[in-house]
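Visitor: Hi, could we go over the aromatic contacts in this one together? I'd like to start with the overall picture and then look at particular rings.

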Amino acid sequence: MTEDDMDKVEVLCFNKILSKWYIQNARDLLWRSTRDPYKIWLSEVILQQTRVVQGTPYYVKFTSNYPTVYDLAAAPLQEVLRLWQGLGYYSRARNLHASARMVVEEYGGEFPRTARELVKLKGLGAYTAAAIASFAFDEPVPAIDGNVYRVMARIFGIETDILSPAAKKEFFSLGQTLISQDDPATYNQAMIEFGALQCVPVAPNCEVCVFKARCFAYAHQAQDRLPVKAKKIKARSRYLNYFILYNGQRIALKERVGKGIWNGLYDFYEIETQEPHGQLEDFAESYGLNHLLRGGVVEPVDKAFVHLLTHQKLHVRFWKVDFGQQALPALPEAYGVFDLDRVGSLPKPILIDQVLRQEGFLEQDEE
Ligand code: ADE
């Protein structure tokens, strides 16, 4: 749909209804009371990872530890990863850090003012660029996230698969038509908020909706069918077995290197098996573990974990191996042996951190 299909009056009317709804219903969220592009950027990156309620404490933590882009750029990456801990998808935190440095080094500490320029920063996609450009600088460019795709697809009856490249163009073009030229920031916030509060994914309460009279999905009872999303690829199951090798107050850990999502984070000695195994004895020998465990007292951690990633389902189990007064076994070079004090401050996948606390290696209530 373009401007040809929708006349100006219709667009004005749409905006009037939307902004009135927003004034009456918008939540008072911390990042909505700032025009600082740095803080807006932080909030958007966090909110890509989690919901508002869970994301707010992270926003507070980041803005108080790093009040300006200079502070974030000057921080060690490990500290940033540690503050990010619990949000998952650590490449976002790495990109955040890299982009802060870029803003400081290449842009003199000033964020670019247009979506076109902003999108050049590392890890910053079209949505986030548009959000920053509109919220901080009033650029009339539509910010289209999952919420907004849903609102548009339903109201205007767009059946294009929202994960297809064609959808990007189509929804963006409609967004350009709809966006208020006078107040693009409010338009974008309102569309996001409308998707989050009223036009929710499951069982929206359409009877009280301000767009009821003009909504395609309501008229055709197509709320469940829209937006159209191609079927997800089934997540591949992987079986990870971790060995917590320790003696007294010291644990063996390694920093993960490479391209994975846990790159830069520390974890235990790990063996991946091709299939699930109930007992350690079933796979210890075939995976060459006996020499590693010799001399240690092995105790399985009762709870198994399932960790869902975008395309993977990780089945994770842990074994504690206590070497008492003895030295830990010889380990490949990548491993280090760390005192528990230090372990607490290293960045770790949340799962590793949880187990360390649950098994009493780290304090339960430490931040
Ligand atoms: N989700 C993504 N961006 C948001 C914002 N600015 N306000 C509320 N929820 C959001």
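This is a predicted model: local features need pLDDT of at least 70, side-chain atom pairs count only at pLDDT 80 or more; totals for chains, interfaces and linings use all residues.

Visitor: How many aromatic pairs turn up in the whole structure?

Guide: A search of the whole structure gives 20 aromatic pairs. Take W21 and F194: their ring centres are 4.9 Å apart and the planes sit at 80°, over the 60 degrees needed, so this pair is edge-to-face.

Visitor: Which helices do W21 and F194 lie in?

Guide: W21 belongs to helix 1 (residues 8–25) and F194 to helix 11 (residues 184–197), so the pair ties together parts that are 173 residues apart in sequence.

Visitor: And is W21 buried or exposed? What about F194, buried or exposed?

Guide: W21 is buried, with 7% relative accessibility. F194 is buried too, at 1%.

Visitor: Switching topic: what kind of pair do Y266 and F338 form?

Guide: That one is edge-to-face, with 5.7 Å centre to centre and 85° between the planes. Y266 is in strand 3 (residues 266–267) and F338 in strand 8 (residues 335–339), so here the pair ties together parts 72 residues apart in sequence.

Visitor: What are the relative accessible areas there, for Y266 and for F338?

Guide: Y266 has 9% and is buried; F338 has 16%, and because buried means under 20%, F338 counts as buried as well.

Technical notes:
Residues are numbered from 1 along each chain as its sequence is written. Side-chain values use heavy atoms; hydrogens and water are left out. Rings of Phe, Tyr and Trp (its six-membered ring) pair if their centres lie within 6.5 Å; planes under 30 degrees apart count as stacked, over 60 as edge-to-face and the rest as tilted. Helices (H or I, at least four residues) and strands (E, at least two) are DSSP runs, numbered from the N terminus. Buried means under 20% relative accessible area, exposed over 50%, partly exposed in between (1.4 Å probe, protein chains only).
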